Amino acid sequence: MDLSFLHGRLATAMVLFAVLAGVYGLVEYFRKQSVSSNYWGIIVVGNLLAVGQGLLGVVLAIGGGQPARGIIHILYGVVALSWIPMINFVSSLANKEKLPRRETLLVALVSLFQAGIAWRAITTATQAGSGI
């Protein structure tokens, strides 16, 4: 199996995982639930997926691989690695009162944002029109 193929499939998995994490969080928010340990587990697994994706990208770069849009793809990858730090940052700004339900909404929205970042990373990895 080609490493770039694996990198692409992990990227697709990351988009789907982040969307599911975001939708799950929105459902929990509308059910008036706080962030549970199960939900944090989902977020940690998603962040570990991003770390694995980043390490595979570094291996590909060391081996001479180059994404079509170069540094832009790498920047999206760096942002994707910051899933948990981004949750902490956004929560510190938008949830100073430490309201549990608001935290659920913020985690869900950051997860959906991460899905978008992962999707943009995919689109910057290939030439326009060449697919994933």
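**View 1. Lys-98 lies in the loop between H4 and H5.** This is a predicted model, in which local features need pLDDT of at least 70, side-chain atom pairs count only at pLDDT 80 or more, and totals for chains, interfaces and linings use all residues. Residues are numbered from 1 along each chain as its sequence is written, and side-chain values use heavy atoms, with hydrogens and water left out. Helices are DSSP runs (H or I, at least four residues), numbered from the N terminus. Lys-98 is not a glycine, yet its phi is positive, at about 60 degrees. Is Lys-98 buried or exposed? Lys-98 has a relative accessible area of 61%, so it counts as exposed. The cut-offs are under 20% relative accessible area for buried, over 50% for exposed, and partly exposed in between (1.4 Å probe, protein chains only).

**View 2. Lys-32 sits in the loop between H1 and H2.** This lysine follows H1. Lys-32 has a positive phi of about 65 degrees, although it is not a glycine. Its relative accessibility is 61%, so Lys-32 is exposed.

**View 3. Helix H1 has its span and its buried residues on show.** H1 runs through residues 3-30. How far apart are the end C-alpha atoms of H1? They are 40 Å apart, which agrees with the 40 Å that its 28 residues should span at 1.5 Å a residue. The expected span is 1.5 Å times one less than the number of residues. Several residues of H1 are buried, among them His-7, Met-14, Val-15, Glu-28 and Tyr-29. What do the buried residues of H1 pack against? They pack against H2, H3 (71-80), H4 (83-94) and H5 (100-125).

**View 4. H1 and H2 cross.** Two packed helices are described by the angle between their axes and the distance between the axes. Here, H2 covers residues 37-62. The axes of H1 and H2 come within 10 Å and cross at roughly 160 degrees. This makes H1 roughly antiparallel to H2. Axes are lines fitted to C-alpha atoms, for helices over the stretch in contact, and angles run from 0 to 180 degrees between N-to-C directions. Angles under 35 degrees count as roughly parallel, over 145 as roughly antiparallel, 65 to 115 as roughly perpendicular and the rest as oblique. The crossing of H1 and H2 is left-handed. In a left-handed crossing, the near helix is turned anticlockwise from the far one by less than a right angle. The contact of H1 with H2 has 18 nonpolar, 7 polar and no charged residues. Ala, Val, Leu, Ile, Met, Phe, Trp, Tyr, Cys and Pro count as nonpolar; Asp, Glu, Lys and Arg count as charged; the others, Gly among them, count as polar.

**View 5. H2 meets H4.** The axes of H2 and H4 come within 8 Å and cross at roughly 130 degrees. H2 is therefore oblique to H4. Which residues meet? H2 brings Trp-40, Ile-43, Val-44, Gly-46 and Asn-47, and H4 brings Trp-83, Ile-84 and Ile-87. Contact means heavy atoms within 4.5 Å. By class, the residues are 6 nonpolar, 2 polar and no charged.

**View 6. Asn-47 is a buried residue of helix H2.** Its relative accessible area is 11%. Which residues does Asn-47 contact, leaving aside neighbours within four places in sequence? Asn-47 is in contact with Ala-80, Leu-81, Ser-82, Trp-83 and Ile-84.

**View 7. H2 and H5 cross.** Their axes come within 12 Å, and the crossing is at roughly 20 degrees. That makes H2 roughly parallel to H5. The crossing of H2 and H5 is left-handed. From H2, the contact uses Tyr-39, Trp-40 and Ile-43. From H5, it uses Glu-103, Thr-104, Val-107, Ala-108 and Ser-111. These residues divide into 5 nonpolar, 2 polar and 1 charged.

**View 8. Val-51 and Val-59 are found in helix H2.** Val-51 is partly exposed, at 34% relative accessible area. Its C-alpha atom is 13 Å from that of Ala-13, 38 residues apart along the chain. Val-59 is partly exposed, at 44%. The C-alpha atoms of Val-59 and Ala-118 are separated by 18 Å, and the two residues are 59 apart along the chain.

Notes:
Helix = DSSP H or I, 4+ residues; strand = E, 2+ residues; numbered from the N terminus.
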